[in-house]
Amino acid sequence: MDIVKGNMGWIEVIVGPMFSGKSEELIRRLRRAEIGKQRVQIFKPVIDQRYSKNGIVSHSGLEISSELVRNGAEILEKVAPRTEVVGIDEAQFLGDTIVADCAKLAELGKRVIVAGLDTDFMGRPFEPMPRLLAVAEEITKLLAICMRCGNPAVHTQRIVASEELIVVGAGGMYEARCRRCFEPQLAHQIIEEQEKRGASNAPAAARGMRSAF
Ligand code: ADP
Ligand code: ZN
């Protein structure tokens, strides 16, 4: 960003589906800030302990240490006055107030770099990310590769039976899909299939699960 003069802060948002490289891009920007001898603090939600309790880890294995928080208020408490760059991963899990809290950090003069999913497993806008996009100075939207056809993928396909908004997991629970291959009702269909088969006999249910995956 070269449009900002003086010590004004700003918000950069990195969005896209799972596997699109959001964590990689966040880590890249934070590493460059560290190389530039800037004071950096990095946060991720308690809910996401997939790979490491103490760090952000990308699907390709890049890692940077981070602090665990429950919401944006905790970030404000933990941010040191001298911190210049604040990195936040998986922001969609940090609650509604994260938008106002990021704005506060920017008003304090900090460069705030936030990564998160912009849509959920049904393809719906994943609050509060859309509101964060609305107030950000800079937005980067990344695409993954569709696991079905190889086209650019904008969606996170859930391939397990759950209709909860938040099911944290990586290996085998989600895959990237393009708009043509995305099946928003798949999780629902797997549940229905299981219920149907479960009602007739159990071994058939197990067979149904495997074929649905
Ligand atoms: P995100 O934070 O958006 O989930 P990550 O930065 O953790 O993404 O991981 C991106 C990496 O995931 C890629 O560099 C690649 O090595 C790997 N990857 C696995 N599946 C895919 C896919 N379908 N499309 C693109 N990259 C993928
Ligand atoms: Zn596709």
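Around ligand 1 lie 15 residues, of which K22, S23, S58, H59 and A144 come nearest; a residue is near a molecule if its C-beta atom, placed from the backbone, lies within 6 Å of it. The model is predicted: local features need pLDDT of at least 70, side-chain atom pairs count only at pLDDT 80 or more, and totals for chains, interfaces and linings use all residues. Residues are numbered from 1 along each chain as its sequence is written, while chains are lettered from A and ligands numbered from 1 in the order in which they are written.

**Ligand shell**
- Helix α1 (22–35) and strand β9 (144–145) each supply at least two residues of the shell around ligand 1; helices (H or I, at least four residues) and strands (E, at least two) are DSSP runs, numbered from the N terminus.
- Three residues, the largest share of this shell, come from α1.

**Residue R28**
- R28 belongs to helix α1 and counts as partly exposed because it has 15 C-beta neighbours inside 10 Å (buried means 20 or more other C-beta atoms within 10 Å of its own, exposed 12 or fewer, partly exposed in between; C-beta atoms are placed from the backbone).
- Between R28 and L62, 34 residues apart in sequence, the C-alpha to C-alpha distance is 9.2 Å.

**Helix α3**
- In α3 (residues 98–107), the buried residues are I98, V99, D101, C102, L105 and A106.
- These residues lie on the same side of α3 because they cover an arc of only 165° around the axis, taken from the directions from the helix axis to the C-beta atoms.
- G109, which follows α3, has a positive phi near 95°.
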